[in-house]
Amino acid sequence: MPSRRLMLMNGNKRIALAAHDNRKRDLLDWVRGNRGVLMHHELFATGTTGSILSSELGLHITRFVSGPFGGVQQLGAAIVEGRIDFVIFFSDPLQPHPHDVDLNALLRIAVIYNIPVACNRATADFMVSSPLMKEEYRRLTMGIEDQLVRWIPSSAEATATEQEAIVPRSAAVASRRSEANSH
């Protein structure tokens with residue numbers, strides 16, 4: 001059983017903002033209405049969403065690339081690295097998106113690292129109006145970090161494993177070539 005970990009969320013939250021194309025206007029309106037709260041926190045966003053929010057509202061936003069071009073994956077990586085405290089992603093469940101698998105992966109990472117996620121205005125309202133927005137909060141992860149360390153071999157182990165895998169294949173290829181040449 002992996003050991004669970006407590007992760008500290010400071011009073012100054014690191015908030016990721018993203019929205020599918022059909023929901024960008026909704027997110028813009030929501031951020032406009034919550035600008036007074038959000039401006040006291042560190043904001044991140046996927047490319048197009050970040051551009052819109054920054055230009056329309058004058059907020060400082062650290063931007064990832066556009067969602068379909070890897071921005072959602074960058075957001076997930078930032079969660080794993082401990083750089084994001086919660087996510088507000090206004091999704092459009094009625095339209096297929098080329099990066100739906102990325103969004104599913106993002107939600108999986110959020111569950112593993114116990115990151116609050118809002119996919120609609122009501123949930124986002126509850127999150128930013130919570131007294132925990134101004135306080136430190138200790139969130140308990142699933143403890144998957146211990147398993148990740150076991151799954152990733154050291155460079156020496158990886159090299160030895162790669163060599164073991166390469167040598168038999170090379171020998172088999174050489175054997176087949178030798179048989180083909182003798183016919």
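The following paragraphs describe the fold of this predicted model, from its overall make-up to individual residues.

Local features are reported only where pLDDT is at least 70 and side-chain atom pairs only at pLDDT 80 or more, whereas totals for chains, interfaces and linings use all residues. Residues are numbered from 1 along each chain as its sequence is written, and side-chain values use heavy atoms, with hydrogens and water left out.

The protein contains eight helices and seven strands; helices (H or I, at least four residues) and strands (E, at least two) are DSSP runs, numbered from the N terminus. Of its 183 residues, 38% count as buried, where buried means under 20% relative accessible area, exposed over 50%, and partly exposed in between (1.4 Å probe, protein chains only). A contact means heavy atoms within 4.5 Å. Among the contacts with a separation of 6 or more, 75% come from residues 24 or more positions apart.

Five strands form an open sheet in the order S4-S3-S2-S5-S6, with parallel pairing. Strands S4 (61–63) and S6 (117–118) stand at its edges; each has a single partner strand, so one side of each is left without a neighbour in the sheet. Two strands are taken to pair if DSSP finds at least two bridges between them. Strand S5 (residues 86–90) pairs with S6 in the parallel sense over two bridges, and Val-87 stands opposite Val-117 in S6. Helix H6 (residues 121–129) packs on the sheet, where it touches S5 and S6, and its direction makes about 155 degrees with that of S5. Axes here are lines fitted to C-alpha atoms, for helices over the stretch in contact, and angles run from 0 to 180 degrees between N-to-C directions.

Within the sheet, Ala-19 belongs to strand S2 (residues 14–19). Ala-19 is buried, with a relative accessible area of 6%. Leaving aside residues up to four places away in sequence, Ala-19 touches Lys-24, Leu-27, Thr-49, Phe-89 and Phe-90. Ala-19 and Ile-88 lie 69 residues apart in sequence, yet 8.2 Å apart in space, C-alpha to C-alpha.

Two helix pairs come next. Helix H1 (residues 24–33) packs against helix H3 (residues 47–57) at an angle of about 40 degrees, with the axes 10 Å apart. H1 is therefore oblique to H3; angles under 35 degrees count as roughly parallel, over 145 as roughly antiparallel, 65 to 115 as roughly perpendicular and the rest as oblique. In this contact Lys-24, Leu-27, Leu-28, Val-31 and Arg-32 of H1 meet Thr-48, Thr-49, Ile-52, Leu-53, Glu-56 and Leu-57 of H3. These residues divide into six nonpolar, two polar and three charged. In this division, Ala, Val, Leu, Ile, Met, Phe, Trp, Tyr, Cys and Pro count as nonpolar, Asp, Glu, Lys and Arg as charged, and the others, Gly among them, as polar.

The axes of helix H4 (residues 71–80) and H5 come within 9 Å and cross at roughly 10 degrees. H4 and H5 are therefore roughly parallel to each other. On the H4 side the contact is made by Val-72, Gln-73, Leu-75, Gly-76, Ile-79 and Val-80, and on the H5 side by Asp-102, Leu-103, Leu-106 and Ile-109. The residues of this contact comprise seven nonpolar, two polar and one charged.

The loop between helix H5 (100–112) and S6 holds Asn-114. Asn-114 has a positive phi of about 55 degrees although it is not a glycine. With a relative accessible area of 34%, Asn-114 is partly exposed.
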